[in-house]
Amino acid sequence: MDQHPGADVFPDPDRAPGKELMGHFRRLARSSPWLWNTLQIRIGVTDKERHALAFAAPSLPTHLTVLIRRPDAIRVEDEDGAVLFRTEHIYDSRDAGFVAATRKSWLLPPQLLAPVYGDDGLVSRRPEAAYGNALMPVGLWSAFLDPVEIAGFAPGPADMAFPHPSTIHSLRVFEDESGRECLEAELSRGHSYAPVIDDAPLLGTGLTLIRLDRATGVCVLRRVLDGPESGLEHRVAITAVDEYMIDGLFTQPRASLSDVRHAPLWPIPGLADTPGPQAPGSARHRGGPAA
């Protein structure tokens with residue numbers, strides 16, 4: 001893959017982002033698994049085919065509300081509050097995976113492990129862990145929630161000319177429309193760029209604008225600036241962080257008690273033919289017709 005020449009990367013050297021700020025941006029992109037446990041977001045998309053929504057809802061929503069509780073609980077609602085998707089079971093036994101005896105089946109969630117932190121309190125080097133959520137209905141959402149692919153799991157070797165998965169062309173710190181502090185960068189792919197989801201890369205073939213929320217490390221804006229997908233934009237609005245979410249939001253309701261108002265009939269063979277006094281309506285429970 002060709003790299004941009006230096007003049008194209010930073011046309012004005014005096015306005016090039018500082019090394020410390022670029023390092024902070026990359027560490028923020030690695031830190032999402034340790035910055036939040038529950039999240040409520042509103043996802044929108046501008047492309048006509050609505051690839052990022054990926055739900056064939058009758059109302060054709062332009063926005064979706066997604067509730068996530070780590071490690072694997074998800075709920076998706078449309079604009080009217082109708083549930084389009086949710087995880088059915090969040091406490092399933094993992095015995096089948098353990099019996100498989102594969103190395104991956106024994107990896108722990110990242111929240112149970114300690115990464116290597118930098119001086120700014122963000123992750124400099126990630127441990128090996130069970131990242132991602134196999135139940136996520138849209139692959140691009142996984143990349144938005146954990147945009148580690150733009151920074152890599154660890155800093156690149158210092159002896160390489162381009163050690164990072166992406167090249168930062170511009171970088172700024174600002175507050176978005178909702179008042180949340182963000183870091184926004186124009187990025188291009190590097191030699192070692194490898195998307196977490198093969199068919200849902202965060203970076204396009206040319207320049208891509210990526211905006212990270214500073215408090216959560218979540219990608220809240222992806223805009224393709226050039227290339228075949230130029231103009232494609234995905235936005236995520238964070239509406240709640242680390243709020244308590246009960247199990248009932250993510251699981252299908254189950255009836256645990258019988259409804260005594262509709263008791264089942266249990267006819268006893270031969271009892272209905274036995275002569276004797278009967279109370280009104282008692283024939284119904286003896287197998288005969290109700291009075």
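Reader: How far is the backbone oxygen of Pro33 from a polar atom of the side chain of Arg70?

Author: You're looking at a predicted model, in which local features need pLDDT of at least 70 and side-chain atom pairs count only at pLDDT 80 or more, while totals for chains, interfaces and linings use all residues. Residues are numbered from 1 along each chain as its sequence is written, and side-chain values use heavy atoms, with hydrogens and water left out. A polar contact is a pair of N or O atoms within 3.5 Å; within protein, one must be able to donate a hydrogen and the other to accept it, and residues adjacent in sequence count only if both atoms are side-chain atoms. For Pro33 and Arg70, the distance is 3.4 Å.

Reader: Which other backbone oxygen lies 2.9 Å from a polar atom of the Arg70 side chain?

Author: Contact here means heavy atoms within 4.5 Å. Skipping residues up to four places away in sequence, Arg70 touches Ser32, Pro33, Trp34, Trp36, Asn37, Gln111 and Leu145. The backbone oxygen at 2.9 Å belongs to Ser32.

Reader: Where is Arg70 found, and which side chain of opposite charge is nearest to it?

Author: Arg70 is in the loop between strand E2 (63-69) and strand E3 (73-77); helices (H or I, at least four residues) and strands (E, at least two) are DSSP runs, numbered from the N terminus. Arg70 is buried, which means under 20% relative accessible area, with exposed being over 50% and partly exposed in between (1.4 Å probe, protein chains only). A salt bridge needs a side-chain nitrogen of Lys or Arg within 4 Å of a carboxyl oxygen of Asp or Glu. Arg70 has none, and the nearest side chain of opposite charge, 5.8 Å away, is Asp146.

Reader: How many salt bridges does a search of the whole structure find, and which residue does Arg214 pair with?

Author: The search turns up 11 salt bridges. One of them links distant parts of the chain, 33 residues apart, with Arg214 in the loop between strand E9 (208-213) and strand E10 (219-224) and its partner in strand E8 (residues 181-189). Arg214 counts as partly exposed, because its relative accessibility is 28%. With the closest N and O atoms 2.6 Å apart, its partner is Glu181.

Reader: Why does Glu233 count as buried?

Author: Glu233 forms a salt bridge with Arg235, with the closest N and O atoms 2.6 Å apart. Arg235 counts as partly exposed because its relative accessibility is 33%. Glu233 counts as buried because its relative accessibility is 13%.

Reader: Why is the pair of Trp34 and Tyr131 edge-to-face?

Author: The structure holds 2 aromatic pairs. Rings of Phe, Tyr and Trp (its six-membered ring) pair if their centres lie within 6.5 Å; planes under 30 degrees apart count as stacked, over 60 as edge-to-face and the rest as tilted. The centres of Trp34 and Tyr131 are 6.2 Å apart, and the pair is edge-to-face because the planes are at 70°.

Reader: Which residue has its charged end over the ring of Tyr131?

Author: A charge sits over a ring if NZ of Lys or CZ of Arg is within 6 Å of the ring centre and within 35 degrees of the ring normal. Arg172 does this with Phe174, at 4.0 Å from the ring's centre. Over Tyr131, at 4.5 Å from the centre, sits Arg126.

Reader: Which backbone oxygen does the side chain of Thr38 reach?

Author: Thr38 lies in strand E1 and is buried, with a relative accessible area of 8%. Its contacts beyond four places in sequence include Ile68, Arg69 and Met245. At 2.7 Å, its side chain reaches the backbone oxygen of Glu243.

Technical notes
Lys and Arg count as positive and Asp and Glu as negative; His and the chain ends are not counted.
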